[in-house]
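Dear colleague,

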Amino acid sequence: MARTASIGIRVEPVVKGALEEAAKADRRTVAAYIEKLLIDDLEAKGFLPKGAAE
């Protein structure tokens with residue numbers, strides 16, 4: 001799936017730091033890590049069919 005839509009968010013510095021650490025631990029960029037978290041949550045809650053974002 002082509003990534004053509006963007007989302008801008010603001011978070012507390014402590015959240016950004018934790019996010020950067022978690023992304024690094026998962027060997028992903030921050031953007032890729034956030035996308036994975038969003039997809040996993042949306043699939044788990046039934047808002048996005050499993051595999052639809054691949």
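This is a predicted model: local features need pLDDT of at least 70, side-chain atom pairs count only at pLDDT 80 or more; totals for chains, interfaces and linings use all residues.

Residues are numbered from 1 along each chain as its sequence is written, and side-chain values use heavy atoms, with hydrogens and water left out.

The secondary structure of the protein chain comes to 2 helices and 0 strands, where helices (H or I, at least four residues) and strands (E, at least two) are DSSP runs numbered from the N terminus. Taken along the principal axes, the C-alpha atoms fill a box of roughly 30 × 20 × 20 Å. Of the 54 residues in the protein chain, 9% are buried; buried means under 20% relative accessible area, exposed over 50%, and partly exposed in between (1.4 Å probe, protein chains only). The chain exposes about 4800 Å², of which carbon and sulfur atoms supply 57%, the areas coming from the Shrake-Rupley method with a 1.4 Å probe, and for residues only the protein chains shown count as cover.

Helix 1 covers residues 13–25, and its 13 residues reach 18 Å from the first C-alpha to the last, close to the 18 Å expected at 1.5 Å a residue (the expected span is 1.5 Å times one less than the number of residues). Helix 1 is followed by Arg-27, which is found in the loop between helix 1 and helix 2. Although Arg-27 is not a glycine, it has a positive phi of about 55°, and its side of the story at the surface is that Arg-27 is exposed, with a relative accessible area of 80%.

The largest pocket has a volume of about 780 Å³. Of the 24 residues that line this pocket, the closest to its centre are Ile-7, Ala-31, Ile-34, Glu-35 and Leu-38. A pocket here is an open set of points on a 1 Å grid over the protein atoms alone, where a 1.4 Å probe fits, with protein on both sides within 12 Å along at least five of seven lines, and lining residues have an atom within 4 Å of a point; grid points are joined across faces, edges and corners, and the volume is the space filled by probe spheres set on the points. Helix 2 gives the most to the lining, with 7 residues.

Asp-40 lies in helix 2 and, at 35% relative accessibility, counts as partly exposed. Its C-alpha atom is separated by 19 Å from that of Val-15, 25 residues apart along the chain.

Ala-2, in the segment before helix 1, is exposed, with a relative accessible area of 61%. The C-alpha atoms of Ala-2 and Glu-54 are 52 residues apart along the chain and separated by 9.3 Å.

With best wishes
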